[in-house]
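Please keep the sequence and the model in view while reading.

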Amino acid sequence: MQDPSDYIQQHKERFLNELINLLKIPSVSADSAHSQDVINTAEAVAAALSEAGCDEVEVCETSGYPIVYGEKIIGADLPTVLVYGHYDVQPPDPLELWDTPPFEPVIKETELHPEGAIFARGACDDKGQMYMHVKALEYMVRNNDLPCNVKFMIEGEEEVGSPSLVTFVKENREKLKNDIILISDTGMIAADVPSITTGLRGLSYVEVAVTGPNRDLHSGLYGGAVANPINILAKMIASLHDENNHITIPGFYDKVHELSEEERQAMAEAPFSLEAYKKHLDISAVYGEKGYTTNERNSIRPTLDVNGIWGGYTGEGAKTVIPSKAYAKISMRLVPDQDWHEITELFTRHFISIAPDGVKVEVTPHHGGQAYVTPIDHIGYRAASEAYETTFGKTPIPQRSGGSIPIVSLFEQELDSKTILMGFGLDSDAIHSPNEHYGIRNYLKGIETIPYFYSAFTRMKESE
Ligand code: BES
Ligand code: MN
Ligand code: MN
């Protein structure tokens, strides 16, 4: 195949401007106030796919937000790559912590991105990374360099647990038939250290409510005599970890796949500076499960974290009150071979069992998914590795990530295909945080690397 870099340089400004326009639409799937924006983004993605060279493009209605499907089929006997991505974004809150408004993209230089980075919600997760695939397709189609068939499936509900995609995949197995699934929605070790994500954690997300008295009470008249749901909730949550930071839910670790010493050794060889990690987060020490390194804690070990906690009076000044209710949102990151339904069940049973008399506890499951791993001897992995080697001049390092894309394990189950996670984001890109950004160099490198994957994968598949 030809080298895409000249084409990319020539069209760089347009590639950036198109992404900037997509980032201006606040496609926040969690917030119904933005529902029209989410729908408009689906239309914009569909138009971009047509423009880039897809022959068939559909905005598929679901019971939630639409799924954008596009394809370019050039030969029935050729391999097919299915690209998955998402056009929805996380809520931008807290707004006051953004240096520039989240939906008014700007390019700024940073220490890690001397060539500039685009600052906007969704810049890296996942509009920027998803759009690399659209532009890579444009390059391949316009330069007669598309070696195989391609299908796109871009959803608008990833950040809320992909509720409609499950049905869509089950109902469209034939349409979505492929030889490999390709996703850019993860990260890499550093801008000059390419890596391929070989694993994702699973997830169980629940909301808990603790109810005490039937109404808010004067904390002087009743304080000390009835259970305060916030005090109780805090105590219950604190008891979910022991002094070694192991999770105390009975049965929680029963199915956890332990890594061999060799696998742990290999993980430890990936470049990582604990000092830089702490400095970047402005913390004096890391914290976590005893017996595991930081990189193990955040990828191969399961966790339990409170994502939000509320109740009582949080307005200005003081109000003396014992609230009737307290709430928390809790996520558990899971690893192979934990089953998320089973973990949700174990959590629920345990959490209810530790409630003292005098309060009622409710657990409401939100969403979840299974963990996922890609073996490094799979041809999809080998093709990706070759692609990175060509554009970075280095062999990429396999790395398991702590994040979750719950739908990936469903793809394996329903479509019987493996997923290759070619992520180009950096951990410092602040996804889900204020000031999310995506390096221009990462964006362009992604567009350059993707066509090499197509070419290597087609060659390897045909000689299989
Ligand atoms: N792209 C992320 C997941 C991710 C990021 C994986 C970086 C690996 C490295 C995805 O959009 C995401 O945020 N997933 C959610 C789960 C979802 C069900 C809301 C997550 O991991 O919290
Ligand atoms: Mn994402
Ligand atoms: Mn995300």
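Predicted model: local features only at pLDDT ≥ 70, side-chain atom pairs only at ≥ 80, totals over all residues.

- Three bridges hold the antiparallel pairing between S4 and strand S5 (residues 117-119).
- Ile107 has Ile118, in S5, as its bridge partner.

**The four-stranded sheet**

- Another open sheet consists of four strands in the order S11-S13-S9-S14, and the pairing is antiparallel.
- Strand S11 (303-311) and S14 form the edges of this sheet; because each has a single partner strand, one side of each is left without a neighbour in the sheet.
- On average, with direction ignored, neighbouring strands of this sheet are turned by 15° against each other.
- S11 runs antiparallel to strand S13 (residues 325-334), and eight bridges join the two.
- Within S13, Lys329 is the residue that stands opposite Gly308.
- Helix H5 (residues 229-238) packs on the sheet and touches strand S9 (202-211), S11, S13 and S14. The direction of H5 makes about 15° with that of S13.
- Helix H9 also packs on this sheet, in contact with S9, S11, S13 and S14. The direction of H9 makes about 165° with that of S14.

**The second largest pocket**

- The volume of the second largest pocket is about 270 Å³.
- This pocket is lined by 15 residues, of which Val166, Trp340, Gly368, Gly369 and Leu410 are the closest to its centre.
- Two or more lining residues come from each of helix H4 (163-171), helix H9 (340-353), strand S14 (360-369) and helix H11 (407-415).
- H11 gives the largest share of the lining, four residues.
- By class, the lining of this pocket holds five nonpolar, nine polar and one charged residue.
- Both domain 1 (5-200 + 371-462) and domain 2 (202-256 + 302-369) contribute to the lining of the second largest pocket, with at least three residues from each.

**Cavities**

- The model has two cavities of 30 Å³ or more.
- The largest cavity has a volume of about 50 Å³, and its lining is formed by Met188, Ala191, Phe392, Arg441, Asn442 and Lys445.
- Helix H12 (residues 440-462) contributes three residues, the most of any element, to the lining of the largest cavity.
- Three nonpolar, one polar and two charged residues make up the lining of the largest cavity.
- The second largest cavity has a volume of about 30 Å³.
- Lining the second largest cavity are Val256, His257, Glu258, Leu259, Tyr292, Ile300 and Arg301.
- In this second lining, four residues are nonpolar, one is polar and two are charged.

**Backbone features**

- The peptide bond that joins Asp93 and Pro94 is cis, with omega at about -5°. Pro94 is placed in the loop between strand S3 (80-86) and S4.
- A cis peptide bond also joins Asp125 and Asp126, where omega is about 0°. Asp126 is found in the loop between S5 and helix H3 (127-142).
- Asp282 is not a glycine, yet its phi is positive, at about 55°. The loop that holds Asp282 runs between helix H7 (274-281) and helix H8 (294-297).

Methods: Residues numbered from 1 in each chain as written. Chains lettered and ligands numbered in written order. Heavy atoms only, no water. 1 Å grid on protein atoms, 1.4 Å probe; cavity = no way out; pocket = protein on both sides within 12 Å on 5 of 7 lines; lining within 4 Å. Points joined across faces, edges and corners; volume = space filled by probe spheres on them. Nonpolar A, V, L, I, M, F, W, Y, C, P; charged D, E, K, R; others polar. Pairing = 2+ DSSP bridges. Domains from an automatic or database assignment. Axes fitted to C-alpha atoms, helices over the stretch in contact; angles between N-to-C directions. Contact = heavy atoms within 4.5 Å.
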